[in-house]
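Opening the notebook on a new model. I'll jot down what I look up as I go.

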Amino acid sequence: MPELLATQDPEVAAAIANDVRRQTDEINLIASENYASAAVLEATGSVLTNKYAEGYPGRRYYAGCENADIVETLAIDRVKELFDVEAANVQPHSGSQANMAAYFATLTTGDRILGMQLDQGGHLTHGSPVNFSGKLYNFASYGVLHEEETIDHDAVLATAREFKPALIVTGATAYPRTIDFARFREIADEVDALLMVDMAHIAGLIAGGAHPSPAPYADIITSTTHKTLRGPRGAMILSRRSLARKINSAVFPNMQGGPMVHAIAAKAVAFGEAATPEFRSYAAAVVANAQALAAALSKGGLRIVSGGTDTHMMLVDVSTRNITGQEAEDALRAAGIIANKNAIPFDPLPPRVTSGVRLGTPALTSRGMDAGDMNAVAGFILEAMDAAGNDGGAASIRRRVLDFASKFPVPGIS
Ligand SMILES: Cc1ncc(COP(=O)(O)O)c(C=O)c1O
């Protein structure tokens, strides 16, 4: 329990303490979550939260920004080197805002964008009608092949030729396979479109050399910093030098006010961590663990969408177990395993129910689990799904999950 908060505000302190326990006791398979290091947490919780620093290093609208300049310059320099890009903006507060700024920087509202279909892996900001993207821009979408369940590049090209987008977006929220950035570049060139890569999910794999980099191919790259990259909650935009000015003004003053200097400091720390040999090993282990988990679940009778994974995540078709995605999520939750239901390609069930769950290994790998441990995790998952709706069965699994999880310390939690 945070000591000062416990006295001053026991309700908030109790919620934080309860989440420390929850994060320690449960098996976290949410593909977009991770455990930030103690150093990242310390920077996030620092007094830099007090500072207003509208503008950019050396060009601020407030006095007293010398330390804000230091941390933002460190973050920019480190991330440019990490991803081998010419320019970086580290101010976006979230992945959605990074995408908004990227569109504002390169397009006029009403322009055409080609993005990945939401129910086949794309993100809300890639054209959902309930999101600003689908409201302000004119989207067409591409998806995956029926049989292989991998991106249908021929359809991307055909749609691009017909639709003539100004921008093509690739990158996904729920797609387990390597994205062929070179192929997307070819398609973008053929129709004279810009190419944007939203690498939010796979940024850590790219930094650690476990997924090919979009840097040689993309005009603009957006990313969150809190998923596989294991930094603080936040985002960034990377680009060629020629787009930097437009991107900077699209973020501030166009879309945001003061940057979150504490978060930028924590991003700098995370970029430093991601450049280490230990992080390279981590990124490789995340993928090895995902492949081991997918193999063990498949052996246990579950269907893995596209037959496996090249990344940190897999989509599991739970209909072979005669349950829905929602029932699987609930059954796992009751057993102390946290995951989210997710539509699978061509899902016959509605989004609130679904036929699948999305599982990811970034968080478990940060706790030091290896491919051997994934057999135990797969065992718990299969047992929990069989125990769906049986409270007694779930409680017994939960006790064993707790015992298993307690062997793996959570980074950032002493
Ligand atoms: C591919 C992709 N882009 C953007 C985002 C948005 O990030 P945020 O939740 O920080 O707005 C996400 C989040 O899940 C994502 O998966």
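**Ligand shell**

I started at the ligand: helix α5 (residues 95-106) gives the most to the shell around it, with three residues. Helices here are DSSP runs of H or I with at least four residues, strands are runs of E with at least two, and both are numbered from the N terminus. Before going on, I noted that this is a predicted model, where local features need pLDDT of at least 70, side-chain atom pairs count only at pLDDT 80 or more, and totals for chains, interfaces and linings use all residues. Residue numbers start from 1 along each chain as its sequence is written.

Of the 15 residues around the ligand, I find Ser94, Gly95, Ser96, Thr173 and Ala200 coming nearest (near means a C-beta atom, placed from the backbone, within 6 Å). By class I get three nonpolar, eleven polar and one charged residue in that shell. Nonpolar covers Ala, Val, Leu, Ile, Met, Phe, Trp, Tyr, Cys and Pro; charged covers Asp, Glu, Lys and Arg; the others, Gly among them, are polar.

**Sheet**

Next I traced an open sheet of seven strands, in the order β4-β10-β9-β8-β7-β5-β6, with mixed pairing (strands pair if DSSP finds at least two bridges between them). β4 (87-89) and β6 (138-142) are the edges, each with a single partner strand, so one side of each has no neighbour in the sheet. I read an average twist of 20 degrees from one strand to the next.

At the β6 end, β5 (residues 112-116) runs parallel to β6, joined by five bridges. Arg112 sits opposite Asn138 in β6.

**Helix pair**

Then I checked α4 (residues 66-83) against α11 (residues 261-274): the axes come within 8 Å and cross at roughly 35 degrees. Axes are lines fitted to C-alpha atoms, for helices over the stretch in contact, with angles from 0 to 180 degrees between N-to-C directions. Among the contact residues I listed Leu74 and Leu82 of α4 and Ile264 and Phe271 of α11 (contact means C-beta atoms, placed from the backbone, within 7 Å). The class tally for this contact is twelve nonpolar, one polar and three charged residues.

**Domains**

Last, I looked at the split into domain 1 (3-30 + 277-405) and domain 2 (41-274), with bounds from an automatic or database domain assignment. Their C-alpha centres lie 27 Å apart. The contact takes 25 residues from domain 1 and 26 residues from domain 2. On the domain 1 side, α12 gives the most, with seven residues.

Notes: Contact = placed C-beta atoms within 7 Å.
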